[in-house]
There are 2 protein chains.
Amino acid sequence: MPPPVADLLITGCSQLVTLQGPVPRRGRALGDLAIIDDGALLVSNHRIRAVGPRRQVERLRDARRAEKLDLGGQVVHPGFVDSHTHLIFPASRAAEYEQRICGKTYEQIARSGGGIRLTVKALRRASPAQLKNHALEFLREFAAHGTTTLEAKTGYGLDWKNELKILKVLADLRQQQPLDIVPTFLGAHVVPSEFRTRPDAWVNLLVEQLIPAVAKAGLAEFCDVFSERGAFTVTQAAKILEAGQACGLAPRIHAEQLSNTGAARLAVKLQAASSDHLEKINRADIRALAASNVVCTLLPGCSFHLGLQNYAPARELIAAGAVVALATDFNPGTSPTVSMPMILSLACTQMRMTPSEALAAATINPAYSLRRHGCIGSLDVGKYADLAAFDVADYREIPYYFGVNLCSMTMKRGVIVHSKKM
Amino acid sequence: MPPPVADLLITGCSQLVTLQGPVPRRGRALGDLAIIDDGALLVSNHRIRAVGPRRQVERLRDARRAEKLDLGGQVVHPGFVDSHTHLIFPASRAAEYEQRICGKTYEQIARSGGGIRLTVKALRRASPAQLKNHALEFLREFAAHGTTTLEAKTGYGLDWKNELKILKVLADLRQQQPLDIVPTFLGAHVVPSEFRTRPDAWVNLLVEQLIPAVAKAGLAEFCDVFSERGAFTVTQAAKILEAGQACGLAPRIHAEQLSNTGAARLAVKLQAASSDHLEKINRADIRALAASNVVCTLLPGCSFHLGLQNYAPARELIAAGAVVALATDFNPGTSPTVSMPMILSLACTQMRMTPSEALAAATINPAYSLRRHGCIGSLDVGKYADLAAFDVADYREIPYYFGVNLCSMTMKRGVIVHSKKM
């Protein structure tokens, strides 16, 4: 936590997009942004002390004494909460990108030693300092694109030593830069090469030793599994996630990305915090998810980058009343982008989410999936002053002007962590 | 032309992507980038004096005396040439974007008074200063994304007074900022509301008065037509483009975007500089285009932003030996992006162009379509020192890291016009 700063009055918010209201947002309410025109915020000791129309906030006694920040007419909303990233990896996979363009499938590349296993090999060779510096560059870019909190998964170590290396890098990064990083243990990303002929031995190792050790060390908050053909079966996933729950790690799950396996139903059964991907869900899955509090975290960057047209059925999920979130899935194989504005553009143009639905799905709902909706995800009194300002006339222009970054300022707990004028 | 500057030696180009070789690039040769590892450039009086491996260029006598710019390991390529933009417009159409997401088609919006005609109404009310300042903001962003030359069309004025207003704004902008702007007269963008019941009267006015007047005043280099259902027929397009040719304006044409009309064949018949869009071309069109020197300018931003899956058949065009280029189609209705890196990402993931093909299609081939291949589009001795540096390890990472801008420096005629460190 940075040291306390003087009270700060922020004005010049032509649209102050507060996202005040019920948590989580579901169904028709998803797009309720609770916008205040010409709004203002009073920030005190890292938190929002007051929020409302400028004239009202300015009148407060503490506002008159506070330092002033006039944004001069910007759209301001809660900082993006990116609830699915694979932040820690050693290098890009641009060569594989070209192979895929030339016709190889994700699964073909994986079978020929590319894909996740290639990154695992390189990560095992990389030092903690290399991994940290690589991640720090990207964290600055996350902040520059308006993200203030992100989840980060392990899963490129796939042995105890290297998974621990990632978890410790994440712990270091939490201390050394301003963004909140929420750690998730994904020892079940793929079956490590060493266990290829006996995957259940790896599952047992996870369940009996690694997951309890991670939980005991307090190095992760969530436990995740990639349940898919070529990764882990639903039965294995259940075993792993239940082991996590038993020691206090709430479940998240990579579900139904390339095939329908039943993983989304497992998420519902376990009351998982989030089920992610969902490109291949069916109607019954949609009904089950909508009847639950499991957040449906959609990752359109992945379909885009792989050149697939298998976007998750966002409209059907919203219509059914599910809790929908959006995230980057930042990773070197299938979605190498840090930009939540880009994810919003994809959600709007490719999945037909409205700009308001996309914005709620990128702030309050992912905050709920990370169990932080009490302190971030909306601009409410008492929550942290985590916010992003955009140099646009209307919030709809954030996804509209696609492929460019119009974020002019990002604030984390009342401290400016990115500014175009810096 | 800015004043002469001291000779400049540029080193630290881990990949110097020169694009040296035949012009235009077609077929298999499209992806020939002629990369020099650890390359260097000597710039003298705005132009490239020497280009080659660092050790070789450094040894030149003038290089030793020159100012030094060490980029410290960046990928450097010719500045992007964006050969299709509608730069001059007064405001975004973000509300229409939302309507389209909610299910209205481009043509439905146009019929209900939205679309191009909405921008025409607003442009007629806007002052030249307003239009210029709006464009200047975007020009800075074009430069920040690595573009050094762009084409700009009229077509939101649609009467003599307002088309002339746009042309004069473009002429002013050429003087007041560093990027090259190539003006195209697009009086035939849509039929103006005043002529809706008698489109041929507008065509006659264009042919007999406006086109000759524009050419005489030296305000445009090219003449363009939007040939489409609801815009101009192929017969009308032929009349307009022939009138342009008769007074020295080379033809460009918006062809086969929403339906197959025969416009691509007209482009071949007239030996047009460029035929743009081509989403709906058929096999015979592809053969005809491939046998010509007409540049096939593909605009994937448009299909993306409209949420359509009708990308132009880039692979078939390349296989047939056509001259393929990429452009943003920057405009408020169908492609509000200034980012050529984003267009490269779309070309790679959605049209299966390789990163090398996409890069050639964004530099040397559009330079050819703008008849400027003698002075820009590749890093050759004697050409202008127009270049873009990217903070990546490999040129393939430029499209790979999608939705973010990794351009660290843009140079126009030897002068730095954008720098992340500025």
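Where in chain B does B:P24 lie? This predicted model puts B:P24 in the loop between β1 (8–17) and β2 (35–44) of chain B, and that is a handy place to start looking around.

**View 1. A cis peptide bond in chain A.** Now hop over to chain A, where the peptide bond from A:V23 to A:P24 is cis. Omega is near -10 degrees here. A:P24 sits in the loop between β1 (8–17) and β2 (35–44) of chain A.

View 2. Follow chain A to the loop between β10 (274–277) and α11 (283–290), and you'll find A:L278. A:L278 isn't a glycine, yet its phi is positive, about 65 degrees. Most residues other than glycine have a negative phi. Is A:L278 buried or exposed? With a relative accessibility of 0%, A:L278 counts as buried, because the cut-off for buried is under 20%.

**View 3. Where chain A meets chain B.** In this view, 45 residues of chain A touch 45 residues of chain B. Together the two chains bury about 4,000 Å², with 60% of that on carbon and sulfur atoms. Which three residues supply more of the area that chain A buries against chain B than any other three? They are A:F304, A:Y400 and A:F402, which account for 20% of it.

**View 4. Salt bridges and polar contacts across the interface.** There are 2 salt bridges between chain A and chain B. One of them pairs the side chains of A:E98 and B:R396, with N to O at 2.7 Å. Polar contacts between the two chains come to 20 residue pairs. On the side of chain A that touches chain B, the elements giving two or more residues include α3 (94–101), α6 (128–144) and α12 (300–305). The residues on that side of chain A split into 22 nonpolar, 15 polar and 8 charged.

Note on methods
Residues numbered from 1 in each chain as written. Chains lettered and ligands numbered in written order. Predicted model: local features only at pLDDT ≥ 70, side-chain atom pairs only at ≥ 80, totals over all residues. Heavy atoms only, no water. Helix = DSSP H or I, 4+ residues; strand = E, 2+ residues; numbered from the N terminus. Buried < 20%, exposed > 50% of the residue type's maximum accessible area, 1.4 Å probe, protein only. Contact = heavy atoms within 4.5 Å. Buried area = accessible area lost by both parts, 1.4 Å probe. Salt bridge = Lys/Arg side-chain N within 4 Å of Asp/Glu carboxyl O. Polar contact = N/O pair within 3.5 Å; in protein donor to acceptor, adjacent residues only side chain to side chain. Nonpolar A, V, L, I, M, F, W, Y, C, P; charged D, E, K, R; others polar.
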